Amino acid sequence: MPGWAGGVAARVMAATGRTRLARLAATPRPETPAAYVEVLAERRRFLLETLHAWRDVDVVVCPPVGLPAFTHGASPDLIDPVSYTVVFNVLGLPADEESDRAASSDPADRTARAVETGSRGLPVGVQVVAAPWREDLVLAAMAAIEATTERASFRPRRA
């Protein structure tokens with residue numbers, strides 16, 4: 001989307017209460033090939049800094065989304081929960097309970113709150129991330145998690 005269109009889209013989204021989508025639409029985009037190459041170089045620098053920080057870490061285990069299992073039809077309004085995975089996707093890395101979310105007029109917040117309501121005991125996913133070309137570590141960690149959860153007795157708790 002051209003920069004001018006992003007600004008227009010951001011204003012329309014903000015006017016309709018979709019503040020998170022408005023911020024996303026207003027994000028500057030590279031407008032020239034040289035600017036795009038610079039973005040790629042910045043991404044590479046960020047990847048190298050991340051890998052350096054993780055030099056003593058085999059895998060990172062984290063949630064793939066910021067909510068429990070989505071209710072049917074909720075995903076179109078939910079952008080923020082996938083923020084847990086965006087950084088790993090950008091870097092190209094192989095990659096639970098009810099909350100006290102505040103009331104909001106933003107449709108994304110309202111949908112997230114509705115998804116969380118009554119979610120105690122619903123499944124929460126697991127994401128395992130490793131350095132590039134270390135799928136072997138990801139698969140080994142996932143096998144260990146699977147083996148552990150298969151032996152355990154997980155039942156939804158009653159509120």
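This report walks through the fold, the confidence, the packing and a few individual residues of one predicted protein chain.

**Ground rules and confidence**

This is a predicted model, with local features needing pLDDT of at least 70 and side-chain atom pairs counting only at pLDDT 80 or more, while totals for chains, interfaces and linings use all residues. Residues are numbered from 1 along each chain as its sequence is written, and side-chain values use heavy atoms, with hydrogens and water left out.

On pLDDT (the predictor's confidence in each residue, from 0 to 100), the protein chain averages 76, and 69% of the residues score at least 70. Helix 3 (residues 33-53) has the highest confidence, at a mean of 92, while helix 4 (residues 83-91) has the lowest, at 68. Where pLDDT is low, the predicted coordinates should not be read in detail.

**Layout**

The chain comes to 6 helices and 2 strands. Here helices (H or I, at least four residues) and strands (E, at least two) are DSSP runs, numbered from the N terminus. Read from that end, the order is α-α-α-β-α-α-β-α.

As for surface, the chain exposes about 10900 Å², with carbon and sulfur atoms supplying 60% of it. Accessible areas come from the Shrake-Rupley method with a 1.4 Å probe, and for residues only the protein chains shown count as cover. Of the 159 residues, 22% count as buried. Buried means under 20% relative accessible area, exposed means over 50%, and partly exposed is in between (1.4 Å probe, protein chains only).

**Inside the fold**

The largest nonpolar core has 6 residues: Leu 47, Cys 62, Phe 88, Leu 91, Leu 93 and Val 129. A core here is a set of buried Ala, Val, Leu, Ile, Met, Phe, Trp, Tyr and Cys residues joined through side-chain atoms within 4.5 Å. In soluble globular proteins, nonpolar side chains tend to be buried together.

Leaving aside residues up to four places away in sequence, Leu 93 touches Leu 47, Leu 51, Trp 54, Phe 88, Val 129, Ala 130, Ala 131 and Pro 132, where contact means heavy atoms within 4.5 Å.

Helix 5 (residues 107-116) is mostly covered, with 7 of its 10 residues buried. Those buried residues are Pro 107, Ala 108, Asp 109, Thr 111, Ala 112, Val 115 and Glu 116, and helix 2 is included in what covers them.

**Salt bridges**

A search of the whole structure turns up 2 salt bridges. The term calls for a side-chain nitrogen of Lys or Arg within 4 Å of a carboxyl oxygen of Asp or Glu. Side chains of opposite charge can pair when their charged atoms come close.

| Salt bridge | Closest N and O atoms |
|---|---|
| Arg 45 with Glu 38 | 2.9 Å |
| Asp 136 with Arg 134 | 2.7 Å |

Arg 45 is partly exposed, with a relative accessible area of 41%, and Glu 38 is partly exposed at 41%. In the other pair, Asp 136 is partly exposed at 41%, and Arg 134 counts as partly exposed at 34%.

**On the surface**

Trp 4, Val 8 and Val 12 make a nonpolar surface patch of about 340 Å². Patches are made of residues with over 30% relative accessible area and no salt bridge, with like charges joined within 9 Å and nonpolar side chains (Val, Leu, Ile, Met, Phe, Trp, Tyr) within 5 Å. Trp 4 sits in helix 1 (residues 3-15) and is exposed, with a relative accessible area of 64%.

Phi of Trp 133 is near 70 degrees, a positive value in a residue other than glycine. Most residues other than glycine have a negative phi, and most peptide bonds are trans.

**A few pairs across the chain**

Arg 23, in helix 2 (residues 19-25), is exposed with a relative accessible area of 55%. Its C-alpha atom is separated by 6.6 Å from that of Ala 10, 13 residues apart along the chain.

Arg 29 belongs to the loop between helix 2 and helix 3 and is partly exposed at 30%. Arg 29 and Val 39 are 10 residues apart in sequence and 9.2 Å apart in space, C-alpha to C-alpha.

Gln 127, in strand 2, counts as buried at 9% relative accessibility. The C-alpha atoms of Gln 127 and Met 142 are separated by 8.6 Å, with the two residues 15 apart along the chain.
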